[in-house]
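Me: I would like to learn how to read the features of a model, one at a time. Please give the general idea first and then the case at hand.

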Amino acid sequence: MDGAHEFCWSSLWEKAQVNPLNGKSYTFPIFRVWDMYSTAFWLATLGFFVAFLSWFAFSPLVPEAVRDDLQLTQAQVINSNLASLGGTAIVRLIAGPACDRFGPRKVMAALLILGAIPSGLAALVTNIGELEAVRFFISILGGTFVPCQAWTTTFFDKSVVGTANAFAGGWGNLGGGVTVAVMIGLYETYVRAGFSSHLAWRICFPTVPVPCLLLVAGMVLLFGKDHPAGKWSNRHHASEPTEGATVGNTVSVVDTAQSEPLTLATFLKVIADPRVWMCFMCYLLTFGLETALDAGLPGLVNTLFASDNFTHVDAAYAASTYGLLNLFARPVGGVIADMLYSRWGLKAKVWWLLGTALSQGIAMIGLGMYINYSDATLGGVIGFIVLIAVTGFAANGACYAVYGHLRPKNIGAVAGLVGAGGNIGGLFYTLIFRYQPGRRVLPTATTPGSNTLGTKFWISGIVNFVGVLPFFFIGLGDAV
């Protein structure tokens, strides 16, 4: 394919090879940290990482410390989880066009600073209403995914953009897993130091999330660049030689479009594009499940396996396995998508996306059946969670390997719409979890036990399967 580059290990630390038509890098020089392409990648990743860490900072504390302190019912806990997803979809829809107009760097910094405000106010929460309000406004931070992906798409060519986006998104998503160890460890440290539980969970927020958000926002503004051509206003001059980069020998004949401010006419074309809705639906079903599980898995594992030897802290650490798999699973999704693209073109990328998304649904059905109809063990449940994570996270990486091909003049708007789909999916799955909570009844001498805690999973898996299947039959139009 024109513009395709074979991977070589030295490209990770050598000067970027640049497409002179758009200023984007054909290679992925992540270890050359002083290179502006590497800098853009790491700042996008770090911004999303601290945003995710702060966004889900409540999740490991709510099932026990926050619930007991505020005397919450189980329904109120779930409502607060719903609130933590509610604002993100709105912010992502706004952040996408903002990236096209102002550039993703400025949007990233603005969202980190705005998200730091409710994160600091978390220490003042005294009732369920305040908890829901604070978690709703903290969910502003979920919008950072859009500038994260738009920023890497701005700096990396189509031949490698799946890899760049998947590593940035996957390693950023690690914040959702790391926050379990960070927040629980910090909470227990404060309790051991003599603070009451009432105070200990509150001071966790100004201790870690707030300083991290403000520090990274400052780094983004000080060290980041809007575009390979410099300022965002110079993006149409990207064909001029780029200082500090080596021009590659292969010139791409595609991907010369630059982001343009969104107009009503363009917006109508975007939302009428079935290819965009394909990415929207796949992300709704895969990342949507991820956000719901990040918030709900600690409580679920605790309900399944709580005992004198398995506390809520153990459950939280076991549940963090899910988020931590972003270390490799989402990057693998993007890397394989790029490999398929270089060999067989965009259609292969799309089939990889649909295949992994469909596989997640099958894995979810399997988990639900396993919990309901067998003597489920912790190891078995974690095994299914790993399978759900690997397939779903790979689909996440593949989705953002595909989206930039569809409407390259509106990468921010499409990224925002698809990203919002992820959070709509999170609300959708959380509602399924709420209205199909299930019960576990232990056996007695006279009655058999029963377990319906898996019902929510097989229902979600069927919805996942049915939602993906129709998109195997749509065409790709002018996308290349």
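Me: How many residues does the chain have, and what percentage of them count as buried?

Reply: Buried means under 20% relative accessible area, exposed means over 50%, and partly exposed lies in between, with a 1.4 Å probe and protein chains only. Of the 480 residues in this chain, 59% count as buried. This is a predicted model, in which local features need pLDDT of at least 70 and side-chain atom pairs count only at pLDDT 80 or more, while totals for chains, interfaces and linings use all residues. Residues are numbered from 1 along each chain as its sequence is written, and side-chain values use heavy atoms, with hydrogens and water left out.

Me: What does the accessible surface of the chain come to?

Reply: Accessible areas come from the Shrake-Rupley method with a 1.4 Å probe, and for residues only the protein chains shown count as cover. The chain has about 18200 Å² of accessible surface, and 68% of that belongs to carbon and sulfur atoms.

Me: How many helices and strands does the secondary structure come to?

Reply: Helices (H or I, at least four residues) and strands (E, at least two) are DSSP runs, numbered from the N terminus. Here there are 17 helices and four strands.

Me: What share of the contacts joins residues at least 24 apart?

Reply: Contact means heavy atoms within 4.5 Å. Among contacts between residues at least 6 apart in sequence, 80% join residues at least 24 apart. Take L85, in helix α3: with a relative accessibility of 0%, L85 counts as buried. Beyond its neighbours within four places in sequence, L85 is in contact with W55, S139, T291, N423, G426, L427 and T430. L85 and W55 are 30 residues apart in sequence, and their C-alpha atoms are 9.2 Å apart in space.

Me: Which residues is A109 in contact with, leaving aside its neighbours within four places in sequence?

Reply: They are A217, V220 and L221. A109 belongs to helix α4 (residues 104-121) and counts as buried at 1% relative accessibility. The C-alpha atoms of A109 and L214 are 8.7 Å apart, although 105 residues separate the two in sequence.

Me: Where is T27 found, and is T27 buried or exposed?

Reply: T27 is in the loop between β1 (17-18) and α1. Its relative accessible area is 9%, so T27 is buried.

Me: How many salt bridges does the structure hold?

Reply: Side chains of opposite charge can pair when their charged atoms come close. The criterion is a side-chain nitrogen of Lys or Arg within 4 Å of a carboxyl oxygen of Asp or Glu. The structure holds six salt bridges. In one of them D69 meets R202, at 2.9 Å from N to O. This pair links distant parts of the chain, with D69 in helix α2 (residues 62-70) and R202 in helix α8 (residues 197-207), 133 residues apart. D69 is partly exposed at 23% relative accessibility, whereas R202 is buried at 6%.

Me: Which residues are linked in a network of salt bridges?

Reply: The network consists of R105, K106 and D226. Within it, the closest N and O atoms of R105 and D226 are 2.7 Å apart. R105 lies in helix α4 and D226 in the loop between α9 (209-223) and β2 (246-247), so the pair ties together parts 121 residues apart in sequence. R105 and D226 are both buried.

Me: How many aromatic pairs are there?

Reply: Rings of Phe, Tyr and Trp (its six-membered ring) pair if their centres lie within 6.5 Å; planes under 30 degrees apart count as stacked, over 60 as edge-to-face and the rest as tilted. The structure holds 29 aromatic pairs. The ring centres of F41 and W42 are 5.0 Å apart and their planes stand at 75 degrees, so this pair is edge-to-face. F41 is buried at 0% relative accessibility, and W42 is partly exposed at 30%. For F48 and F145 the centres are 5.3 Å apart and the planes are at 45 degrees, so that pair is tilted.

Me: Which residues form one aromatic cluster?

Reply: The cluster is made of F48, F52, W55, F56, F145, Y283, F287, Y400 and Y403.
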